[in-house]
Amino acid sequence: MSWTRIEAMIQKSWQNSLRDIFRIFDIFWWPAFELFIWGLFSTYLSRTATTGINIVSLVLGGVILWTFFDRASRDISIAMIDELWSRNFVNLFSTPLSLGEYLVGVAIVASVKLIISIAFMFVLAKVLYGFQITSLGLYLIPAAFGLTIFGWSLSLIVQGCILRFGHTVEVFIWAVAVLAQPLSCVFYPLSSLPAWAQSIARWLPSTYLFENMRQNMSGAGTNVAEIVLSYGLNLLYLVIAVWFLFRSFEAAKRTGNLVKNY
Amino acid sequence: MGKTILEVQDLTKRFGTLTAVDHISFSVKEGEIVGLLGPNGAGKTTTIFMLLNLITPTAGVITLFGWNYTQNREAILQWLNYSSTYVEMAPRLTVLENLLIIAKLYQVHNAHERIKEYADKFGVNDFLNEKHEDLSQGQKTRVYLCKAFLNDPKLLLLDEPTASLDPDVADLVRKEIMEARKKGMTILLTSHNMAEVEKVCDRVLFINHGRIVAEDTPEKLAQKTRLARVNLMMRDGQKRTMVFARNAGFAVSAEGRYVTVSIDERDIAYLLAGLAEQGVEYDEISIDKPTLEDYFIKMTHRGGTR
């Protein structure tokens with residue numbers, strides 16, 4: 001791997017994001033929009049609810065942590081379809097740039113954008129709803145990291161599918177988060193899902209991270225075994241996703257999809 | 001000529017039931033300029049993409065600089081570059097930003113100086129700070145050429161290098177190609193401009209239906225057609241000329257006082273003797289020798305069999 005080529009991808013991806021108003025919207029508008037909607041809803045619930053649970057904090061914690069997954073699952077894929085749409089893949093991969101270098105560069109920019117998004121959300125949540133970042137405590141670090149990795153894994157799978165099947169499967173870039181959210185138990189405990197859904201949810205690393213977020217915020221601490229399980233699943237999915245993407249890249253070279261004009 | 005830079009053996013590419021490239025073999029020596037000619041869909045671009053490792057061959061071997069892609073992808077691509085009017089750069093980035101990124105991907109150390117050098121050569125300076133999406137096709141082509149020379153490639157693949165360029169800029173590009181050859185650069189190019197190919201290429205590979213159907217110097221290929229054009233500016237006997245030519249089985253056309261007869265070079269004497277017998281008079285006569293374009297048309301029309 002060459003750092004210079006990774007740097008080139010960082011530069012390209014960053015400049016490209018700054019020039020596109022919709023990419024800037026992605027950083028600020030949608031996270032803020034989510035925060036407004038869920039913040040208002042949970043404020044309303046907390047006024048009517050009789051339990052002593054801080055619903056606002058639980059929901060906002062869920063929204064903020066979910067943003068890690070949501071953004072991670074989309075950003076790298078969007079960078080890739082940008083290249084495909086602008087027919088720039090040929091220019092990039094006719095140079096010594098490798099797929100690994102490309103991904104690292106794009107992932108670094110995606111991480112920076114994610115951090116900006118999250119920082120903005122924390123400020124907004126504090127200003128609008130008095131949400132304290134400390135309410136997540138140190139748990140924020142493993143949860144954020146785990147959810148980002150899981151988002152990236154699914155993103156790599158989607159990218160692999162685009163390389164194999166073309167633009168018809170692009171919709172999954174946006175659909176992944178929508179499909180994963182109900183099963184990840186972002187706003188409710190695992191036990192509230194029907195039995196069949198629970199058995200699927202147990203295979204998602206995100207489920208354990210949200211379960212533990214609620215446990216943590218209610219002062220019951222963290223179930224280390226579940227976090228280890230979540231990370232184990234994450235590692236497994238990441239390895240499969242990377243393998244699948246590299247295989248798909250080679251398949252796209254065989255089918256001609258890599259150089260196809262979209 | 002020097003050592004072999006590129007060697008292709010039995011290269012084949014199939015997409016499902018379609019055979020885009022069918023067992024082609026050729027080699028290119030250091031410092032050579034080789035033209036890859038053929039009609040649309042002949043397999044030229046697929047071949048170039050295989051040479052760039054962007055399409056994996058179904059069968060066959062590509063050896064570049066003595067290496068293959070399985071073990072030396074990075075080193076091979078470091079010595080290669082490519083320009084085509086059919087790909088794009090990042091649309092929202094400026095020309096300079098795009099070129100700087102490409103320079104970084106090739107790890108060019110003095111990127112700014114190199115970009116300036118080629119921007120001067122190809123007249124790109126005026127729009128270095130324009131966004132790529134705002135450029136005309138001709139401007140984009142010039143940018144791609146700048147990009148193609150940035151890393152001082154040992155082998156340059158040019159897909160239609162002068163397409164959509166004004167004649168003066170196209171001429172400048174041809175000069176630059178010849179200049180690059182003097183410095184030892186090897187070039188493989190595709191073009192629909194036959195005059196250009198005749199001018200710059202040492203050798204031509206004619207490809208049709210995925211196969212190399214002819215390989216020779218442009219002059220020798222052109223001679224293979226033997227189809228010359230006899231142009232006459234008539235003074236008297238235009239009708240007799242047309243009738244005589246048609247009866248003799250020659251293709252003939254007329255426009256005003258001018259009559260053109262397309263004819264095998266060996267039949268010119270017969271035509272002129274026949275016209276003299278008919279008492280035909282003409283003020284001017286010129287004979288266009290067969291060109292590469294004639295060969296191209298002939299081969300394309302008859303399906304490209306050798």
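Which residue just after α1(B) takes a positive phi? The residue is N53(B), whose phi is about 65°. This report describes the surroundings of that helix within a predicted model.

Residues are numbered from 1 along each chain as its sequence is written, and chains are lettered from A, with ligands numbered from 1, in the order in which they are written. Because the model is predicted, local features need pLDDT of at least 70 and side-chain atom pairs count only at pLDDT 80 or more, while totals for chains, interfaces and linings use all residues.

## Chain B as a whole

Chain B contains 11 helices and 13 strands. Helices (H or I, at least four residues) and strands (E, at least two) are DSSP runs, numbered from the N terminus. The C-alpha trace of chain B spans about 75 × 45 × 35 Å along its principal axes. Of the 306 residues in chain B, 43% are buried. A residue is termed buried if 20 or more other C-beta atoms lie within 10 Å of its own, exposed if 12 or fewer do, and partly exposed in between, with C-beta atoms placed from the backbone.

Two residues are in contact if their C-beta atoms, placed from the backbone, lie within 7 Å. Among the contacts in chain B with a separation of 6 or more, 71% are accounted for by residues 24 or more positions apart. Chain B is assigned domain 1 (4-222) and domain 2 (227-289); such bounds come from an automatic or database domain assignment. The centres of domain 1 of chain B and domain 2 of chain B, taken over C-alpha atoms, are separated by 43 Å.

An open sheet in chain B is formed by three strands in the order β2-β1-β4, with antiparallel pairing. Two strands pair if DSSP finds at least two bridges between them. The edge strands, β2 (18-29) and β4 (59-64) of chain B, each pair on one side only. On average, neighbouring strands of this sheet are turned by 15° against each other, direction ignored.

Strand β1 (residues 4-15) of chain B is joined to β2(B) by eight bridges. These strands, β1(B) and β2(B), form a hairpin with two residues between them, and G16(B) in the turn has a positive phi of about 60°. F15(B) stands opposite L18(B) in β2(B). With β4(B), β1(B) pairs in the antiparallel sense over five bridges, and V8(B) stands opposite I62(B) in β4(B).

Helix α1 (residues 44-51) of chain B lies across β1, β2 and β4 of chain B and runs at about 60° to β2(B). Axes are lines fitted to C-alpha atoms, for helices over the stretch in contact, and angles run from 0 to 180 degrees between N-to-C directions. Eight of the eight residues of α1(B) are buried, including I48(B), F49(B), M50(B) and L51(B).

## Selected residues of chain B

Most residues other than glycine have a negative phi.

Q107(B) counts as partly exposed because it has 15 C-beta neighbours inside 10 Å. H209(B) is also partly exposed, with 17 other C-beta atoms within 10 Å.

I177(B) belongs to helix α6 (residues 167-182) of chain B. This residue, I177(B), counts as buried because it has 23 C-beta neighbours inside 10 Å. Leaving aside its neighbours within four places in sequence, I177(B) is in contact with I33(B), I187(B) and V200(B). The C-alpha atoms of I177(B) and I187(B), which are 10 residues apart along the chain, are separated by 8.1 Å.

## Chain A and its contact with chain B

The contact between the chains takes 27 residues from chain A and 24 residues from chain B. On the side of chain A that touches chain B, α1 (3-19), α4 (89-93) and α10 (224-255) of chain A each supply at least two residues. The largest share of that side, nine residues, comes from α1(A).

The mean pLDDT of chain A is 87, and 97% of its residues reach 70 or more. pLDDT is the predictor's confidence in each residue, from 0 to 100. In chain A, confidence is lowest in helix α2 (residues 21-48), at a mean of 79, and highest in α10(A), at 95.
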